[in-house]
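Reader: Hello! Could you walk me through the reasons behind the labels used for this structure?
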Amino acid sequence: MNWQLPRNSLFAILARQPWWVSALIAAGLFGVLRLFIPEGMALFGAIPFAGIAIYALVRQLRRPGAKRVAATLERARGLSGEKFVSTLEEGFRREGYAVTRMDGGADLVLRREGLVTLVACKRWKAMRAGIEPLREFDAATREQRAVIRLYVATGEVTDNARAFAAEKNIRLVQEEELARLLR
């Protein structure tokens with residue numbers, strides 16, 4: 001089973017920060033606690049933050065670098081539409097989703113743990129995505145009762161389009177996340 005921490009929990013926030021932030025907190029907490037309680041107990045209090053530092057370090061080491069992300073997205077732009085969707089399907093399956101293709105407003109329907117996600121990737125090759133394709137995706141999928149809606153873009157997304165996506169609860173899949181799916 002794939003579990004996640006609540007997005008705004010202290011540990012989730014620290015896991016998204018550079019690893020050394022948690023390491024500094026662990027060291028600082030150990031130093032302060034050591035003033036008031038025995039060293040062994042102080043160490044015990046700092047261990048969760050040290051664990052988060054190790055977790056964040058491992059995640060950061062596994063992340064693809066900017067050059068690798070750029071190369072993956074460049075290769076993706078060279079794929080045919082069918083090959084791109086197939087590669088994306090494969091990536092979502094690796095993430096644990098049941099994937100089916102769809103005609104109409106969305107290209108893919110993802111299912112996992114009872115949640116339905118709709119994915120649009122019709123204009124994935126555009127170097128700059130504006131608000132119009134997002135409006136079309138929103139209008140076409142608004143009544144399909146999907147919990148999550150994803151819009152895939154290999155190029156830049158305008159500020160207006162980002163604002164619209166945020167307002168309509170459409171998550172943009174780009175750069176590093178997209179490169180991970182397409183690997």
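Author: Gladly! Helices (H or I, at least four residues) and strands (E, at least two) are DSSP runs, numbered from the N terminus. T117, for instance, lies in strand β3 (residues 115–120). This is a predicted model, where local features need pLDDT of at least 70, side-chain atom pairs count only at pLDDT 80 or more, and totals for chains, interfaces and linings use all residues. Residues are numbered from 1 along each chain as its sequence is written, and side-chain values use heavy atoms, leaving out hydrogens and water.

Reader: Why is T117 called buried?
Author: Buried means under 20% relative accessible area, exposed over 50%, partly exposed in between (1.4 Å probe, protein chains only). T117 has a relative accessible area of 3%, so T117 is buried.

Reader: What makes the pair of F92 and Y97 edge-to-face?
Author: Rings of Phe, Tyr and Trp (its six-membered ring) pair if their centres lie within 6.5 Å; planes under 30 degrees apart count as stacked, over 60 as edge-to-face and the rest as tilted. By this rule there are three aromatic pairs. In one of them, F92 and Y97 are 5.8 Å apart centre to centre with 85° between the planes, hence edge-to-face. Both F92 and Y97 are buried.

Reader: And what is the label for F137 and Y151?
Author: Tilted: their planes are 50° apart, and the centres 6.5 Å. F137 belongs to helix α6 (residues 131–141) and Y151 to strand β5 (residues 148–152). Both F137 and Y151 are buried.
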